[in-house]
Amino acid sequence: MTERGLLVGEDGRTRCAWHGGLDDYRRYHDEEWGHPVTSDQRLFEKICLEGFQSGLSWLTILRKRESFRAAFAGFDFDKVATFGEEDIARCLADTGIVRHRGKIVSTINNARRAQDLRAEFGTLARYFWSFEPKPEERPARVEWDVIVANPTTSTSVRLSKDLKKRGWTFVGPTTVYAFMQAMGLVNDHVEGCFCRAEVENKRNLLARP
């Protein structure tokens, strides 16, 4: 890792260094992280997985993601909302996921809260993208030291508080900011990363929900 948080890969491309040169993590960085998402199912999946990540690394969750998808009906929140005690017991016995009862119960609760959001806003995307920060709320340049120094932002605090008020759980401001970074509500690929311009172009072309 350089002082600027960049790493040059074997392909000659300069990337955010946090992928550490690991193939699966590099693919996630290149193909997913920061690319704007408007799919309700993917938004729900990500905010739930960020909750499971609490106290762990994202790489751990990423490598278990397919097992999580199998355990939670592909994160179709209408299906997850129907889960009961038998499903909780099934998930607790599933060695492919993080077997934390509180986080499993939280995912079921949040599926029901997602249904409430959809009923109010039409889509989850419309709700979440309404919290996209204004340009003046963003740093002039996204450098590694800025990201490290700001694991939360005023926007993620507002979103976290609003979700909690609506009954969501495991949605603290740090968790919520990681969700915003991953789903493209902000572009935190650092200056010099080849993905930064690509992601910014996608954000500029995006029809906001």
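Ala, Val, Leu, Ile, Met, Phe, Trp, Tyr, Cys and Pro count here as nonpolar, Asp, Glu, Lys and Arg as charged, and the others, Gly among them, as polar. The model on screen is predicted, so local features need pLDDT of at least 70 and side-chain atom pairs count only at pLDDT 80 or more, while totals for chains, interfaces and linings use all residues. Residues are numbered from 1 along each chain as its sequence is written, and side-chain values use heavy atoms, with hydrogens and water left out.

**Stop 1: the largest pocket**

Select W33, Q53, I147, A178 and Q181, the closest to the pocket's centre among the 19 residues that line the largest pocket. A pocket is an open set of points on a 1 Å grid over the protein atoms alone, with protein on both sides within 12 Å along at least five of seven lines; lining residues have an atom within 4 Å of a point. This pocket holds about 530 Å³ of space, where a volume is the space filled by probe spheres set on the points, and grid points are joined across faces, edges and corners.

Now colour α1 (23-31), α2, α9 (144-149) and α11 (173-183), each of which supplies at least two residues of the lining. Helices are DSSP runs (H or I, at least four residues), numbered from the N terminus. The most comes from α11, with 6 residues. By class, the lining has 12 nonpolar, 4 polar and 3 charged residues.

**Stop 2**

Axes are lines fitted to C-alpha atoms, for helices over the stretch in contact, and angles run from 0 to 180 degrees between N-to-C directions.

To see the contact (heavy atoms within 4.5 Å), show T155, S156, V157, L159, S160, L163 and K164 in α10 with P173, V176, Y177 and M180 in α11. These residues divide into 7 nonpolar, 3 polar and 1 charged.

**Stop 3: α2 against α7**

Select α2 (residues 40-53) and α7 (residues 101-121), which pack at an angle of about 155° with axes 10 Å apart. The two are therefore roughly antiparallel. From α2, the contact takes F44, C48, G51, F52 and Q53; from α7, it takes K103, I104, T107, N110, A111 and A114. Its classes are 6 nonpolar, 4 polar and 1 charged residues.

**Stop 4: the largest cavity**

Which residues line the largest cavity? Select I47, C48, G51, F52, K103, S106, T107, N110, T169 and F170. A cavity is a set of points where a 1.4 Å probe fits but cannot get out. About 50 Å³ of space lies inside this one. The elements giving two or more residues to its lining are α2 and α7. The lining divides into 4 nonpolar, 5 polar and 1 charged.

**Stop 5: α6 against α7**

Show E85, I88, C91 and L92 of α6 with R101, I104, V105 and I108 of α7, which make the contact. This contact has 6 nonpolar, no polar and 2 charged residues.

**Stop 6: the second largest pocket**

Finish at P135, R138, N187, E200 and R203, which lie nearest the centre of the second largest pocket, lined by 15 residues. Its volume is about 180 Å³. The lining divides into 7 nonpolar, 1 polar and 7 charged residues.

Definitions and conventions. Angles under 35 degrees count as roughly parallel, over 145 as roughly antiparallel, 65 to 115 as roughly perpendicular and the rest as oblique.
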